[in-house]
Amino acid sequence: MSSAKPTGAASGAPVIGPGHSLASVTDQISKIVLSRQTPTGWFIGLGVAMLGVGVLITAIGWLLWWGLGVWGINQPVGWGFAIINFVWWIGIGHAGTLISAILLLLKQEWRTSINRFAEAMTLFAVMCAGVFPLLHVGRPWLAYWLLPYPNTMGMWPQFRSPLLWDVFAVSTYATVSALFWYVGLIPDLATLRDRAKSLVWKRIYGALALGWRGAARHWERYETAYGLLAGLATPLVVSVHTVVSFDFAVSVIPGWHATIMPPYFVAGAIFSGFAMVLTLAIPIRRIFGLEDFITMKHLDNMAKVILATGMIVCYGYAMEAFFAWYSGSPYERYMIVNRMLGPYGWSYWALITCNLLVPQLLWSSAVRRNIAALFAIAIVVNVGMWLERFVIVVTSLHRDYLPSSWGMYYPTVWDWALYIGTIGLFFFLLFLFIRFLPMISIFEMRTLVPATGEEPPKKGLHIAASAGPSGEARRP
Amino acid sequence: MKPKFPIYGYLAEFHDGAELLAAAKSSRAAGYTVMEAYTPVPMEEVAHTLGFRTSLPWIVLAGGVLGACVGFGLQYWTSVIDYPMNIGGRPMNSWPSFIVVTFEMTILFAAASAVLGMLWLNGLPQPYHPVFNVPAFELASRNRFFLMILSRDPQFDMAGTKSFMDGLGGLSVKEVPH
């Protein structure tokens with residue numbers, strides 16, 4: 001998106017439908033937000049998601065009232081759903097940053113129409129992730145003890161612990177993702193300010209746009225800041241899941257204490273994140289008629305990323321098994337045999353099916369062109385990546401070094417309620433986002449079309465007409 | 001200070017980016033220096049034609065260096081000076097374990113400097129600007145391109161600049177009130 005190149009649309013594959021202009025792109029995307037008619041499906045979706053939020057509030061309230069005993073965690077499995085779901089949500093978030101930062105640096109123009117809602121997905125996924133460790137600390141009202149601040153106890157956090165690194169990594173990630181998202185929104189908020197008909201919305205978008213007016217000097221600094229943010233977010237996103245994997249890899253637990261963990265976690269994060277982007281993009285483009293902007297090219301590329309990162313994840317599985325054998329450590333060898341054939345063996349084979357076997361279908365271009373199949377595979381991958389974290393956390397912990405300390409882990413209804421509740425929160429925030437903010441970056445889409453002021457021929461004509469040929473009609 | 005001219009500047013509207021770029025070049029050639037262009041898409045060439053380069057990268061570098069110092073300093077001071085604790089016989093200044101937090105703080109400070117520096121240099125938030133007084137300007141966020149010559153320009157005069165801008169081949173030239 002470096003500058004307005006009139007060749008953008010013409011160069012190679014269709015990342016945007018034919019016949020679009022600056023005006024039609026602006027009108028079509030801002031119409032979704034500014035329209036007074038909300039699709040009925042949106043209310044139904046928001047209602048269902050709000051039920052989920054209700055479940056979340058209930059689950060948190062119950063936990064705060066009774067304490068961690070309402071969860072299924074105990075010795076030896078002290079890291080149950082809380083850590084599984086935390087890692088799962090953080091991983092989902094990673095695709096958003098990958099799309100918005102890494103693909104920007106690699107000048108992948110096709111990212112333009114999916115980066116905004118992928119970034120929103122990141123932000124909401126990190127919020128959902130944050131719920132779990134905060135509650136898992138046991139006394140969440142003292143969670144601020146995690147932060148280094150001068151206190152009357154005269155103590156400081158232990159900076160040699162990966163769990164504290166996690167605090168810094170995740171909070172930095174949440175902050176930088178929010179900054180990146182908001183900076184990306186500023187020019188679009190100005191567009192909405194200029195298009196909004198009601199004074200209230202004009203004021204709201206106007207305040208959020210901070211007085212953006214598209215001055216050339218502003219754009220120059222803006223582009224510099226955006227590029228630098230992308231450059232900073234790229235190592236950050238890699239570091240976050242690396243640090244999350246350190247929570248496991250630094251501890252001396254069979255199945256966790258392995259150098260393969262960081263790259264395998266990062267690849268798994270991208271794998272699950274792209275699956276979630278597909279899960280969201282497929283219904284959204286259909287419901288809001290955005291097939292011109294999120295084209296088959298996008299779905300095809302995302303499917304290829306899923307296939308590639310899936311193969312890296314499977315390499316991780318193979319290495320885990322190989323090193324368990326090659327280490328010669330009886331505990332490591334027992335761990336992998338128990339993981340495959342023990343009481344939780346079903347989860348290992350379900351994981352292999354979801355993450356190794358099913359994604360192989362994506363080698364076929366016919367499958368990549370079949371939207372229903374893509375959607376189904378994306379859901380399977382989401383489930384598979386959740387199972388992966390379940391397998392890593394539970395199978396390694398439930399067989400302690402001494403057989404007298406062995407045990408089983410059974411999640412309770414409150415574990416499930418909290419998990420389902422965060423899914424509700426995620427979709428609740430997502431539904432609000434797609435209604436009140438542009439889910440596709442308008443100004444970046446404008447860089448994909450020729451930089452001329454052509455009015456759209458048919459579509460969006462009524463909007464152009466209501467604005468008057470040069471807009472005089474609307475502003476006093 | 002009382003403004004010299006009754007208006008803020010003249011605003012010319014263009015149909016496409018290439019016309020705007022040509023107009024900016026000829027205004028520059030005609031000796032105008034205090035100008036601003038407004039575009040719906042980022043156009044690097046226009047900013048460069050107006051003779052503009054940004055110093056933002058230096059601010060971000062300074063932010064990153066500061067973040068690294070704060071991050072490492074915090075850990076050094078707490079772990080070595082204020083609250084030394086022997087963990088597995090490691091030295092008090094066990095710097096390899098401090099890398100992660102130092103790195104995260106570097107990124108955090110650099111990213112915050114990029115965003116705040118961009119807003120600060122741009123003078124945002126700025127709810128009022130004279131250019132918003134021109135009704136047609138709301139198309140600057142849709143599909144029109146604008147060039148403004150400010151009345152602060154040493155070469156500005158009411159009639160001469162108006163006729164110069166009329167000759168630039170835009171769709172219209174409007175007065176921008178203060």
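Before we start, a word on conventions: residues are numbered from 1 along each chain as its sequence is written, while chains are lettered from A and ligands numbered from 1 in the order in which they are written. Because this is a predicted model, local features need pLDDT of at least 70 and side-chain atom pairs count only at pLDDT 80 or more, whereas totals for chains, interfaces and linings use all residues, and side-chain values use heavy atoms, with hydrogens and water left out.

Let me begin with chain A. Its secondary structure comes to 16 helices and 0 strands, where helices (H or I, at least four residues) and strands (E, at least two) are DSSP runs numbered from the N terminus. The C-alpha trace of chain A spans about 80 × 60 × 40 Å along its principal axes. How does the radius of gyration of chain A agree with that of a compact globule? For 476 residues such a globule would come near 23 Å, and chain A has 24 Å, which agrees; the radius is taken over C-alpha atoms, and the globule rule is 2.2 Å times the number of residues to the power 0.38. Of the 476 residues in chain A, 60% are buried, and here buried means under 20% relative accessible area, exposed over 50%, and partly exposed in between, with a 1.4 Å probe and protein chains only. If we take contacts in chain A (heavy atoms within 4.5 Å) between residues at least 6 apart in sequence, 81% of them join residues at least 24 apart.

Chain B is assigned two stretches of interest: domain 1 (7-53 + 125-177) and domain 2 (56-122), with bounds that come from an automatic or database domain assignment. The centres of these domains of chain B, taken over C-alpha atoms, are 43 Å apart.

Now to the empty space inside. Rolling a probe the size of a water molecule over the atoms shows where empty space is left. On a 1 Å grid over the protein atoms alone, a cavity is a set of points where a 1.4 Å probe fits but cannot get out, and lining residues have an atom within 4 Å of a point. The structure holds 4 cavities of 30 Å³ or more, a volume being the space filled by probe spheres set on the points, which are joined across faces, edges and corners.

The largest cavity has about 80 Å³ of space, and among its 15 lining residues A:Trp212, A:Arg213, A:Gly214, B:Ala140 and B:Ser141 lie nearest its centre. Helix 5 (residues 162-195) of chain A gives the most to this lining, with 5 residues. The second largest cavity has a volume of about 60 Å³, and its lining includes A:Trp156 and A:Phe159 together with B:Tyr83 and B:Met85.

B:Lys25, in helix 1 (residues 17-29) of chain B, is partly exposed because its relative accessibility is 48%. A:Pro150 lies in the loop between helix 4 (115-136) and helix 5 of chain A, and it is exposed, with a relative accessible area of 69%. B:Gly117, in helix 4 (residues 99-121) of chain B, counts as buried at 6% relative accessibility, and it touches B:Leu56 and B:Ala112, not counting residues up to four places away in sequence.

How values were computed
On a 1 Å grid over the protein atoms alone, a cavity is a set of points where a 1.4 Å probe fits but cannot get out, and a pocket is an open set with protein on both sides within 12 Å along at least five of seven lines; lining residues have an atom within 4 Å of a point.
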